Amino acid sequence: MTNVNMTVNGKAVSRDVPDETLLSEFLRENLRLTGTHVGCDTSQCGACVVHVSGKAVKSCSTLAVSLDGADVTTIEGLADGDLHPMQKAFTEHHGLQCGFCTPGMIMTSVDMVHRYNAAGKVLTSDAIRNELDGNICRCTGYHNIVRAVEDAASKMEAKGGS
Ligand code: FES
Ligand code: FES
């Protein structure tokens, strides 16, 4: 067992966990933050994506003990009172059906927009499709997801990138 300390969604957390505990397990089973989904456990589907220091990470292939002291944000911590622009855009553009892939899609997309805005690069629909290569949706199809990301990107840019 190893004692792991992290900040998760702005709150300090501390748990003793077996060394092999994955970040996805730590979040779902130790902290009961079940918005982070596990679809494959083999780093293929992207349902488990969270942010570590603002960067998208597949939590099913990251050991919790490797993140002692880290700053982690899950889908539960993305909204700031009101829904995040990316969450609103997925709703408005029907970017989900069953919702299983949606937390990972949203966390990946927020990181994507931040990176493109920081680099002053235009986020085209082709770029969005390439960036979502590691996120699989089995039911919505990708057109509405891409539209949602484009819409949220314009709104996040207008708000100064957040
Ligand atoms: S559960 Fe992590 S990539 Fe599928
Ligand atoms: S909304 Fe069902 S898998 Fe994407």
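1. Helix axes are here lines fitted to C-alpha atoms over the stretch in contact, and the angles between them run from 0 to 180 degrees between N-to-C directions. On that basis, in this predicted model, helix H2 (residues 85-92) packs against H3 at an angle of about 125°, the two axes being 10 Å apart. Because angles of 65 to 115 degrees count as roughly perpendicular and those over 145 as roughly antiparallel, H2 and H3 are therefore classed as oblique to each other. The contact is supplied by Met86, Gln87 and Phe90 on the H2 side, and by Thr102, Met105, Ile106, Ser109, Val110 and Val113 on the H3 side. Sorted by class, the contact of H2 with H3 comprises six nonpolar residues, three polar ones and no charged residues. The crossing of H2 past H3 is right-handed.

2. The axes of helix H3 (residues 102-119) and helix H5 (residues 143-158) cross at roughly 45° and come within 10 Å. That angle makes H3 oblique to H5. H3 passes H5 in a right-handed crossing. From H3, the residues in contact are Met105, Ser109, Val110, Met112, Val113, His114 and Asn117, and their counterparts in H5 are Ile145, Val149, Ala153, Met156 and Glu157. The residues of this contact of H3 with H5 divide into eight nonpolar, three polar and one charged.

3. Arginine 115 takes part in a salt bridge with aspartate 111, with 3.3 Å between the closest N and O atoms. Both residues, arginine 115 and aspartate 111, belong to helix H3 and stand four residues apart, about one turn of the helix. Arginine 115 is partly exposed, at a relative accessible area of 32%. Aspartate 111, by contrast, is buried, because its relative accessible area of 6% falls under the 20% limit.

4. Arginine 115 also forms a salt bridge with glutamate 131, where the closest N and O atoms are 2.6 Å apart. This pair links distant parts of the chain, with arginine 115 in helix H3 and glutamate 131 in helix H4 (residues 125-131), 16 residues apart. Glutamate 131 counts as partly exposed, at 25% relative accessibility.

5. Lysine 155 and aspartate 151 are four residues apart within H5, about one turn of the helix. Lysine 155 is partly exposed, with a relative accessible area of 37%, whereas aspartate 151 counts as buried at 16% relative accessibility.

6. Which residues are linked with Lys155 in a network of salt bridges? The network links Glu92, Asp151 and Lys155.

How values were computed. Residues numbered from 1 in each chain as written. Chains lettered and ligands numbered in written order. Predicted model: local features only at pLDDT ≥ 70, side-chain atom pairs only at ≥ 80, totals over all residues. Heavy atoms only, no water. Helix = DSSP H or I, 4+ residues; strand = E, 2+ residues; numbered from the N terminus. Parallel < 35°, antiparallel > 145°, perpendicular 65-115°, else oblique. Left-handed = near helix turned anticlockwise from the far one by under 90°. Contact = heavy atoms within 4.5 Å. Nonpolar A, V, L, I, M, F, W, Y, C, P; charged D, E, K, R; others polar. Salt bridge = Lys/Arg side-chain N within 4 Å of Asp/Glu carboxyl O. Buried < 20%, exposed > 50% of the residue type's maximum accessible area, 1.4 Å probe, protein only.
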